[in-house]
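Q: How should I read the interface between two protein chains in a model?
A: Start with the structure itself.

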Amino acid sequence: MSIVTKVLMTGNAAIGEAAIRAGCQCYFGYPITPQNELTEHMAANLSRRKGCAFVQAESEIAAINMVYGASLAGVRVMTSSSSPGISLKQEGISYLAACELPAVIVNMSRGGPGLGSISASQSDYFQATRGGGHGDYRTPVLAPSSVQELADLTHRAFDLADKYLTPVLILGDGILGQMMEPVEFRHEAPEVPPVRSNALRGAKGRPSRIVKTFTSNPSTLEELNWSLFRRYQVIKQAEVTYDTFMVDDARLVVVAFGIAARIAKGAVKTARIEGLKVGLLRPVTLWPFPAAKIRKLAEDVKQFLVFEMNMGQMLEDVQLALEGSAEVSFYGRTGGVIPTPSEVLRVIARLYHQKGLHR
Amino acid sequence: MKKIYSRPKSLKKTAFHYCPGCGHSIIHRIMTELIDEMDLQDKIIGIPPPGCSVFAYNYFDIDMAESAHGRGAAVATGMKRAYPEGIIFTYQGDGDLAAIGTAETVHAANRGENITVIFVNNAVYGMTGGQMAPTTLVGQKTTTTPYGRDERMEGNALRISEMLALVKGVAYIERVAVNSPTNIRKAKKAIRKAFQAQIDGLGFSMVEVLSPCPTNWRMDEPEAWQWVSDVMAKEFPLGVLKDVTGESHAS
Amino acid sequence: MLVKTVFAGFGGQGVLSMGLNLTQAAMMEGKHVTYLPSYGAEVRGGTANCTVAVSNEEIASPVASSPEFVIAMNLPSLVRFQNQIESGGVLLFDASLVETEVSRGDIEVVGIPATDLANKIGSPKSANMVMLGAFIKKSNLVSLDSVIEGLKSTFKGKPDLVTINEQALRTGYDLL
Ligand SMILES: Cc1ncc(C[n+]2csc(CCOP(=O)(O)OP(=O)(O)O)c2C)c(N)n1
Ligand code: SF4
């Protein structure tokens with residue numbers, strides 16, 4: 001009867017709980033599987049808190065624009081959805097980025113394209129890491145791989161959003177959202193969550209303030225783009241996060257994120273037992289991407305295997321990072337298929353032998 | 001000499017970019033007068049749309065934030081929920097509110113969001129060059145209805161205020177026009193009432209303003225002003241469509 | 001050691017709470033554990049299932065393509081999952097509700113008259129707990145005490161329910 005502080009929760013509920021404890025004051029959502037437990041957690045727990053608000057919006061478009069409104073008013077705010085709904089939010093995310101408004105957006109992604117399936121998938125990687133909507137912007141993207149990490153990264157997402165005045169994406173998937181694991185919350189919700197100092201709350205004791213991007217002067221907009229770009233450079237320097245496992249003597253390094261990284265780790269462990277020198281690199285931030293780390297690894301490792309639950313999206317970031325300095329192979333399952341650790345192990349073992357890494 | 005014109009405190013000293021005879025200028029003017037008179041300058045926040053009034057923040061000397069096309073009511077919802085003490089209004093064109101943003105408008109009304117909507121109906125998409133709006137009259141020529149709006153193909157002028165008057169969360173809706181001194185006075189009274197409804201926490205309030213767009217109607221100013229009364233107001237009758245403010249005060 | 005178990009049956013038979021009770025107990029014993037319910041379209045048509053993975057190491061995947069244990073509370077579940085069980089694995093089913101010939105010789109098949117036993121102790125609704133008790137004995141994944149501790153936290157303030165469920169658990173446990 002050891003660990004009494006842990007509770008059993010679905011990933012979805014854990015995000016909600018972590019958000020409340022991070023001082024999230026407003027949540028706006030719209031039902032879509034597999035993230036409904038998050039909306040429901042907020043309906044049950046956020047709506048009753050003093051000074052907090054929950055609204056089930058009429059659409060994802062409305063929800064993200066409510067997020068925009070609440071962020072303007074200076075509070076910590078979140079929305080969540082799954083792939084098709086995240087597509088609908090893109091215009092709003094672009095506005096948030098442009099107006100330098102913090103917000104946390106959760107994508108518990110599912111099989112696509114189209115209505116796709118409600119099973120877990122990672123096929124929204126491009127959309128998440130390239131900005132997603134129109135215009136020259138990026139958003140930090142955090143990719144947890146356990147319920148505990150969902151909770152921890154939710155906290156970090158709010159902090160990053162406030163620090164860099166940007167929307168931040170949490171990219172999970174149907175399994176992470178639906179599964180339960182023990183989770184520990186390390187923070188208590190603040191009694192009175194703070195209000196951002198540049199909030200739009202009426203021109204009391206200061207000149208009136210405008211939040212906008214639209215301009216008829218291209219050079220004004222270019223200046224905004226430069227200022228965003230400079231901030232993105234800082235984020236790239238300061239916020240890259242990743243996990244490595246047994247890469248020190250590895251001849252083959254698997255690169256995988258989120259739930260796929262977890263599956264890959266299982267495969268890598270078994271490969272090690274079988275004497276194959278295999279390691280794992282798991283990007284935790286998908287943007288900024290740990291490109292420098294990959295390039296560094298390539299000084300010793302000449303064979304990489306990218307494993308994703310899509311047709312090869314992060315693959316392109318790995319290729320860009322390597323700049324041809326090592327060989328990259330890819331294994332992917334898509335459409336909501338959940339690969340098994342032994343399946344990934346087979347791919348690893350085959351590649352390892354094909355490339356003569358055992359010699 | 002008696003001072004007959006003084007610039008409202010909450011109206012910035014910038015010349016309007018609107019076309020001569022445009023309703024937007026008049027509406028801005030009476031709204032800023034009201035903001036002064038009701039002492040709202042330090043607590044009111046406005047949400048203008050993409051549309052000819054996208055630069056409204058250059059004129060209103062109050063906190064303002066642009067919204068995505070059609071999403072004013074959602075943005076206002078988020079803002080009001082996060083900051084209930086604020087007085088929040090959206091300022092929306094007919095394309096913005098009655099086409100792309102219909103859902104947000106209807107649902108904000110249905111939730112009884114305690115916000116105020118200023119709905120500027122000029123029967124066209126002004127900013128993008130005079131295309132058909134949902135409120136374009138049958139037979140009216142626009143750049144996308146060059147032969148006149150054909151109700152069999154393009155539907156009828158949509159009466160949003162009448163529709164919203166059926167929604168329970170709505171406290172107050174009135175349709176006014178800004179094409180004559182008398183009508184402008186009535187418009188100002190209506191907007192005052194709408195703001196007051198919000199201050200009193202009564203729910204959703206909206207004022208639809210029939211607003212001349214001489215440029216896209218291809219008319220001179222007097223013609224356009226006349227057209228509002230002679231043609232537009234026939235399809236969109238002026239007057240109060242819903243008002244529960246008195247009832248609530250009594251109870 | 002990583003052990004994956006699938007609990008399956010009609011919605012209303014308490015298959016999800018079987019899984020949750022096991023998960024809770026494993027967590028209390030400080031083990032690594034994941035619980036994954038079926039969701040969405042999968043649960044239409046009245047059947048439900050969940051997968052519980054228990055291990056003393058990190059768990060790679062919460063999904064079980066070939067579970068070691070399957071607990072089938074009705075015939076459709078038995079039909080669906082019997083071929084997925086890993087060689088050498090165990091199939092437990094409610095013998096009061098399902099009459100069956102399982103064609104595989106490489107798994108152990110255990111029929112538990114869970115519903116009959118539950119009726120006998122006067123709580124027909126706790127057939128799932130009878131089954132869970134038998135499973136705990138068979139698998140030795142967690143201790144019976146932990147499961148009972150878990151029940152106490154699940155049914156906080158409802159001592160009657162704790163008593164009934166504990167009785168049902170012990171009935172199943174003592175059967176094997
Ligand atoms: C998503 C999106 N689609 C289209 C536009 C282009 N657009 C800008 S304003 C506008 C309509 C303006 O018409 P209205 O709302 O009637 O306002 P007015 O200009 O007449 O005052 C459109 C279609 C846009 N900004 N965003
Ligand atoms: S185009 Fe019409 S609505 Fe736009 S500024 Fe000119 S007159 Fe006003």
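Predicted model: local features only at pLDDT ≥ 70, side-chain atom pairs only at ≥ 80, totals over all residues.

A: Residues are numbered from 1 along each chain as its sequence is written, chains are lettered from A and ligands numbered from 1 in the order in which they are written, and side-chain values use heavy atoms, with hydrogens and water left out.

Q: How many residues does the contact take from chain B and from chain A?
A: Contact means heavy atoms within 4.5 Å. Chain B gives 33 residues and chain A gives 35 residues.

Q: What is the area buried between chain B and chain A?
A: The size of an interface is often given as the accessible area lost when the parts come together. Here the buried area (accessible area, 1.4 Å probe, lost by two parts on being put together, summed over both) is about 2,700 Å², with 60% from carbon and sulfur atoms. B:Asp42, B:Asp63 and B:Glu66 supply 22% of the area that chain B buries against chain A, more than any other three residues.

Q: How many salt bridges cross the interface of chain B and chain A?
A: A salt bridge is a side-chain nitrogen of Lys or Arg within 4 Å of a carboxyl oxygen of Asp or Glu. The rule finds three between chain B and chain A. One of them joins A:Lys204 to B:Asp42, with the closest N and O atoms 3.8 Å apart.
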